[in-house]
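Welcome, and thanks for taking a look at this one. Please have the sequence and the 3D view open, and let us walk through them together.

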Amino acid sequence: MGLHILKEPLTRAQLQEIASERFGDLVKAVVDIDKGLIALGAELHADAQTLLIDTEGSSNEHTWGINLYPAEPRENFIEYDSLST
């Protein structure tokens with residue numbers, strides 16, 4: 001599946017498939033909180049952020065790096081951090 005911008009909702013099973021392609025238990029992604037976009041499947045958060053900036057006009061101050069853990073319960077499903085400089 002590789003790095004791409006999410007255009008429709010994914011199931012946990014689909015996320016698990018993406019996770020198994022790289023890290024096994026997690027999917028790295030970047031969310032643009034202003035535009036409501038998400039890029040996922042990157043090896044590095046910076047790669048997903050660059051994709052959003054280059055293709056969607058996102059800005060650093062509105063992007064957050066997240067890790068999704070599809071096999072975990074809701075309270076442990078997501079961790080996040082700002083990527084703004």
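## Starting from one residue

In which strand does Thr63 lie? Thr63 lies in strand E4, where helices (H or I, at least four residues) and strands (E, at least two) are DSSP runs numbered from the N terminus. This is a predicted model, in which local features need pLDDT of at least 70 and side-chain atom pairs count only at pLDDT 80 or more, while totals for chains, interfaces and linings use all residues. Residues are numbered from 1 along each chain as its sequence is written, and side-chain values use heavy atoms, with hydrogens and water left out.

Thr63 is buried, at 0% relative accessibility; buried means under 20% relative accessible area, exposed over 50%, and partly exposed in between (1.4 Å probe, protein chains only). Its side chain has a polar contact of 2.7 Å with the side chain of Gln49. The Thr63 side chain also reaches the backbone oxygen of Asn60, at 3.0 Å. A polar contact is a pair of N or O atoms within 3.5 Å; within protein, one must be able to donate a hydrogen and the other to accept it, and residues adjacent in sequence count only if both atoms are side-chain atoms.

## The overall layout

Stepping back, the protein chain has 2 helices and 5 strands. Read from the N terminus, these elements follow the order β-α-β-β-α-β-β. The radius of gyration is 12 Å, close to the 12 Å that the globule rule gives for 85 residues, so the chain is as compact as a globular protein of that length. That radius is taken over C-alpha atoms, and the globule rule is 2.2 Å times the number of residues to the power 0.38.

Along the principal axes, the C-alpha atoms fill a box of roughly 30 × 25 × 20 Å. Of the 85 residues in the protein chain, 34% are buried.

## How the strands line up

Strand E2 (residues 27–32) pairs with E4 in the antiparallel sense over 6 bridges; two strands pair if DSSP finds at least two bridges between them. Within this pairing, Lys28 stands opposite Asn67, and Val27 has Leu68 as its bridge partner. Strand E4 (residues 63–68) is mostly covered, with 5 of its 6 residues buried. In E2, 5 of the 6 residues are buried, so this strand is largely enclosed by the rest of the structure.

E2 also pairs with E3 in the antiparallel sense, over 4 bridges. The hairpin of E2 and E3 has 4 residues between the strands, and Gly36 there takes a positive phi near 70°. Ala39, found in strand E3, is the bridge partner of Val30. Ala39 is buried, with a relative accessible area of 0%. Ala39 and Ala29 are 10 residues apart in sequence, and their C-alpha atoms are 5.5 Å apart in space.

## The nonpolar interior

In soluble globular proteins, nonpolar side chains tend to be buried together. Here, the largest nonpolar core has 10 residues, including Leu15, Ile18, Ile66 and Phe77. H1, E2, E3 and E4 each give two or more residues to this core, and H1 provides the largest share, 3 residues. Apart from this core lies another, of 7 residues, among them Val30, Ala39, Ala42 and Ala48. A nonpolar core is a set of buried Ala, Val, Leu, Ile, Met, Phe, Trp, Tyr and Cys residues joined through side-chain atoms within 4.5 Å.

Leaving aside residues up to four places away in sequence, Ile66 touches, among others, Val27, Ile38, His45 and Tyr80; contact means heavy atoms within 4.5 Å.

## Charged pairs

How many salt bridges are there? The count comes to 2, where a salt bridge is a side-chain nitrogen of Lys or Arg within 4 Å of a carboxyl oxygen of Asp or Glu. One of them joins Lys7 and Glu56, with the closest N and O atoms 3.9 Å apart. This pair links distant parts of the chain, 49 residues apart: Lys7 is in the loop between strand E1 (4–5) and helix H1 (12–22), and Glu56 is in helix H2 (residues 45–56). Lys7 is exposed at 67% relative accessibility, whereas Glu56 is partly exposed at 27%.

Arg22 and Glu43 also meet in a salt bridge, at 3.7 Å from N to O. Arg22 lies in helix H1 and Glu43 in the loop between strand E3 (37–40) and H2, so the pair ties together parts that are 21 residues apart in sequence. Arg22 is partly exposed, with a relative accessible area of 43%, and Glu43 is partly exposed at 48%.
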